[in-house]
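Here's a quick briefing to read alongside the model. Have a look at it, then go through the notes by topic.

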Amino acid sequence: MSSASSAFDPELIDQTRQQLRTLVHEIEGLSRSELSPGEFYEGFLNRVVSALAAVGGAIWSLDESGRFKLIYQMNLKETRLAESEAAQQQHGLLLRNVAGSGQGALIAPHSGTGEAGQDGNTNGDGVAAANPTDFLLVLGALKSDKEVQGVVEIFQRPGSRPTVERGYLRFLSQMCELAGDYLKTRNLRLFADRQLMWSQLELFTRLAHESLDPKQAAYTIANEGRRLIGCDRVTVALRNGKKCRVVAVSGQETIDQRSNTVSQLGKLATVVVAGGDPLWYTGDTANLPPQIEKAVESYADEAHSKLVAVLPLARPQPEPEENELDRPPPDFLGALIVEQISEDTLTESMRRRVDVVSEHSSLALANAREHNDLFLMPVWRSIGKLSWIVQARTLPKTLAIAGAVLVLLIAMFVLPWKYELSGKGTLEPVNRQDIFAGVDGVVEQIKVHNGQSVKKGDVLLKLRNEDLGAQITKVAGDLAVAEVQQAAAERALHDAHLTREDRDRLDGQARQYGEAARSAEQQLELLRNKEDELTIRSPIAGEVITWQIADKLLNRPVERGQLLLTVADPTKAWELEVHMPEDRMGAVVEAQNQLDEQKKKWAAEGKPKPDAMLPVSFILATDPGNRHQGLLKEIHKGANVMGEEGNVVLLRVKIQNDGHDLGLTDVRPGATVTAKVDCGKASLGYVLFHDVIAFIQSKVLFRF
């Protein structure tokens, strides 16, 4: 007895017990944790195998069909079960016996239990439950609420004493109870999550099917779907033709369609819907078609999302009949896009929720689209909202209002009204002159200012051109030299002793010098004329009407033909320059043509000659209370672009009494006016809505 006791080291035994207690505490901690089943079983089996100093182990779970599925294993290949199909069948029956009894078992190597489970000692092929391995199998049942959900199997070395082997079984049974606590807690948590999911799903389905407006339904799907799925972002893209357009993003009230992110997402949804298969992107594009690979990489680079799921939303189709072979292709409504920005993990629970949201979204959008596509639906909806107007108490008022509206409509089509077309313009003196630079130069002096009265011929500006002065000096010198040479040649001709050859030579030189002198004289005259053009004079009497002349011109270079300033005579006749929008010129020209035809007809009949041009009324911006009259004098043949006014045609209007009865003492050239051209008569409705009618004719009807 003493020799046996001395064979064991008490300190080693204490260390072993402490290690076992530590492992048991760790397993207890695992059973109370919220780890996933895979993580729990890995930690659980590693610690049990370590505590029992076993070779390995395995954890088997029972699925709904009663089959065993391997969840986690350690050194399973050491058992060599994979080498024999018969051994696998024996081992499977052994696991089934343990699961059926709900009790653990110790099975020696190459032995059987003596029981075959619920159906006898063998299966249908005569194979009995047995341990076909070289290891002692320690088996424990995994239970949750007295229901067996799996079996824990430990591969232990044989040859230990029976008491030790029974200790293995007791320890494994206790650990299986802790694992059962984990399963029970997880089932409760799953049940709570499932209850929460069902409540969220009920809220989602109610809200998604609440609206029959496709955009409102998409907005609800995006926001409520994000809450149900538990992801970072949900987007809904609706299909219009062959392209998908993003219409709703969770957490955003408005969408900028010009944004690169929105544009790339629309392109991604388009190519995925065209393919018809869902896309689950977590960074790997190896097995994707080229067009989808390019679109998803472009979007991921723009949005930096780690997980992108694009699910096509198709209109639900009825179940096919037995004899139905050909089914129509799916009618895709758009796509549901689910994104995770910070992580790319996709749990099974999240995937189930995504599928649920996708299914209900397809149905909700299909109903909304079908309702919205009904013929004249906006009209029927409006009529439905206004059904109270035909009730008994309001019917007389309704009839009275309808009658008044009918009379008004008839009047708008029948009642003639004065048809006038308006345009902005300016008031200008008829006698005005734009003054341009005659030569290149630099403005050296400015003799006038804005509003100054000038007479015809008064100096306005003086220019300086140093090159011109140098040319005058050079040509004058050339002229003097030519004249001197000509005079010298002519004097030499009076010498009586000259030979005939010398006289001919001198006569030729005199002629040559004379031609050079005349050419230089002509050049000098042209240069003198240019020099005179350096002094800018007023061509008419009037007032200078150019603003800030000194700031614009003094000491600044100007080129020949450049506008310098304008002089106008406000004491004489005035006229209007009206900028009529080009889209209104058709009515103006037609009215003028009708007036010309009427004039010819009256002239042929000997009647008094009417005015040859259309009457025009106008008001000044500085005096809007008084209306003045004029006659259309000229229609410009071309159209010009005038800033914000767009394309306009210039009309010149002669003012009655040459504008001297305007009643204003301080009318300035360029004063703003609003003019109306009288184009005859038209129906009241056309007069009021001619711009709208023209828009419909050009922008709507013309396209069809």
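How many aromatic pairs does the count come to? It comes to three, where rings of Phe, Tyr and Trp (its six-membered ring) pair if their centres lie within 6.5 Å, and planes under 30 degrees apart count as stacked, over 60 as edge-to-face and the rest as tilted.

This is a predicted model, so to speak of local features takes pLDDT of at least 70 and side-chain atom pairs count only at pLDDT 80 or more, while totals for chains, interfaces and linings use all residues. Residues are numbered from 1 along each chain as its sequence is written, and side-chain values use heavy atoms, with hydrogens and water left out.

**Rings**

- Phe40 and Phe44 are stacked, because their ring centres are 5.7 Å apart and their planes sit at 20°.
- Both Phe40 and Phe44 belong to helix α3 (residues 37–52), four residues apart, about one turn of the helix; helices (H or I, at least four residues) and strands (E, at least two) are DSSP runs, numbered from the N terminus.
- Phe40 and Phe44 are both buried (under 20% relative accessible area, with a 1.4 Å probe and protein chains only).
- Phe40, Tyr41, Phe44 and Tyr182 are tied into a cluster by ring pairs.
- Elsewhere, Arg351 lies over the face of Trp280, 4.1 Å from the ring centre (the rule asks for NZ of Lys or CZ of Arg within 6 Å of the centre and within 35 degrees of the ring normal).

**Largest pocket**

- Its volume is about 1,100 Å³, counted as the space filled by probe spheres set on the grid points, which are joined across faces, edges and corners.
- A pocket here is an open set of points on a 1 Å grid over the protein atoms alone, where a 1.4 Å probe fits, with protein on both sides within 12 Å along at least five of seven lines; lining residues have an atom within 4 Å of a point.
- The lining has 36 residues, and Pro37, Arg186, Leu190, Glu348 and Arg352 lie nearest the centre.
- Helix α5 gives the largest share of that lining, nine residues.

**Sheets**

- Six strands close into a barrel, β13-β22-β25-β24-β23-β26, with antiparallel pairing (two strands pair if DSSP finds at least two bridges between them).
- Five strands form an open antiparallel sheet in the order β9-β8-β12-β11-β10.
- β9 (243–249) and β10 (279–281) are the edge strands with a single partner each, so one side of each has no neighbour in the sheet.

Terms used:
Buried < 20%, exposed > 50% of the residue type's maximum accessible area, 1.4 Å probe, protein only.
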